[in-house]
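Please load the model in a viewer and keep the selection panel at hand.

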Amino acid sequence: MKIGFLGLGNMGGPMAANLVKGGHRVVGFDPVESAQVAAGEHGVEVVDAPSAAVADVDAVITMLPNGALVLATYDEVLAAARPGTLFIDSSTIAVDDARQASARADAAGHRFLDAPVSGGVVGAEAGSLTFMVGGTEEDLEAARPVFEPMAGRIVHCGETGNGQVAKLCNNLILAISMVGVSEAAVMGERLGLSHQAFYDVISTSAGQCWALNVNCPVPGPVPTSPANRDFAPGFATALMNKDLGLAMAALESTGTDAPVGTLVADLYRAFSEGGAGGLDFSAIINRVRQEVA
Ligand code: NAD
């Protein structure tokens, strides 16, 4: 298939590269030059405007920082695509923004799936992302060959927007578990437990979770985790802060009492606004270390 790809950043870059490896032809756009160069090196045909990436393709994937950009990009490109083009948004955005994007794609004569992902940059590079898909079964079946080179799992979550609902649930858990792992790791190191022993026990015990097993916030036990490279992301704190803002709005709109999630969201907001937005979200361990003298 021929696929347009908008947003060739930390996630979109390796995802587009895997589409090329999977035998698709990929036409991509990103305003940042380093992203253009990296994508070009992986066989993506890089063009100089978003509308040029969507003309005459079977599907368009967006992997952008936020919902406002997704909607603005749709307004810019929908008219340039062939009628019936399948628009797939894999960014993490508000449920309402996803439903709005779907309505605009529909009105322009196209099809739409929200398909946010989990698995991080490691999963994007390995082609093992979990796609959580909202939309019709028929559109999901049509999109399956597009997802497959990038996916370890594809889960149909129901109607449009439900992919984003699942994503917000996941990231609320992820933020809480990363703070929990960080607090335990700092307590352990202060009591003389080595990072390796901490990892070896807990990664195979009931405390195991992605925050520890894959994105371990202390350097050493997981060589690919951001803690080994001064917390270069990975999944940036600013993006986690954005997702927690979406989760807080969803908790409020559903009347769900979530004191732990709310506290963790406050921690990430202060951490991000205090200057750590560009670091991987596992850098929250630095916040834990500073807390106790
Ligand atoms: P990123 O900032 O690395 O990439 C976003 C890219 O979009 C950038 O390269 C930027 O230049 C580009 N961009 C901005 N405006 C554009 C436009 N008008 N047209 C085309 N490209 C444009 O962010 P990321 O980490 O790749 O995350 C992208 C999305 O995926 C976010 O919504 C994020 O929440 C979500 N996400 C990220 C991770 C992760 O681990 N990084 C995991 C799951 C989901």
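Select the side chain of Lys 242: one of its N or O atoms is 3.0 Å from an oxygen atom of the ligand, a polar contact in the sense of a pair of N or O atoms within 3.5 Å. The model is predicted, so local features need pLDDT of at least 70 and side-chain atom pairs count only at pLDDT 80 or more, while totals for chains, interfaces and linings use all residues. Residues are numbered from 1 along each chain as its sequence is written, and side-chain values use heavy atoms, with hydrogens and water left out.

Turn next to the backbone. A backbone N or O atom of Met 11 lies 2.9 Å from a ligand oxygen, and one of Thr 92 lies 3.0 Å from a ligand oxygen. The ligand taken alone exposes 830 Å², of which the protein buries 87% (Shrake-Rupley method, 1.4 Å probe).

Of its 24 residues, Asn 10, Met 11, Asp 30, Leu 64 and Thr 92 come nearest. Coloured by class, the shell divides into twelve nonpolar, eight polar and four charged residues; here Ala, Val, Leu, Ile, Met, Phe, Trp, Tyr, Cys and Pro count as nonpolar, Asp, Glu, Lys and Arg as charged, and the others, Gly among them, as polar.

Colour by domain: domain 1 (2-159) and domain 2 (165-288) each supply at least three shell residues, with bounds from an automatic or database assignment.

Which element gives the most to the shell around the ligand? Select H11, which contributes three residues. Helices are DSSP runs (H or I, at least four residues), and strands are runs of E of at least two.

Finally, select Gly 234, in the loop between helix H10 (210-213) and H11. The peptide bond to Gly 234 from Pro 233 is cis, with omega near 10 degrees. Most peptide bonds are trans.

Terms used:
A residue is near a molecule or strand if one of its heavy atoms lies within 4 Å of it. A polar contact is a pair of N or O atoms within 3.5 Å; within protein, one must be able to donate a hydrogen and the other to accept it, and residues adjacent in sequence count only if both atoms are side-chain atoms.
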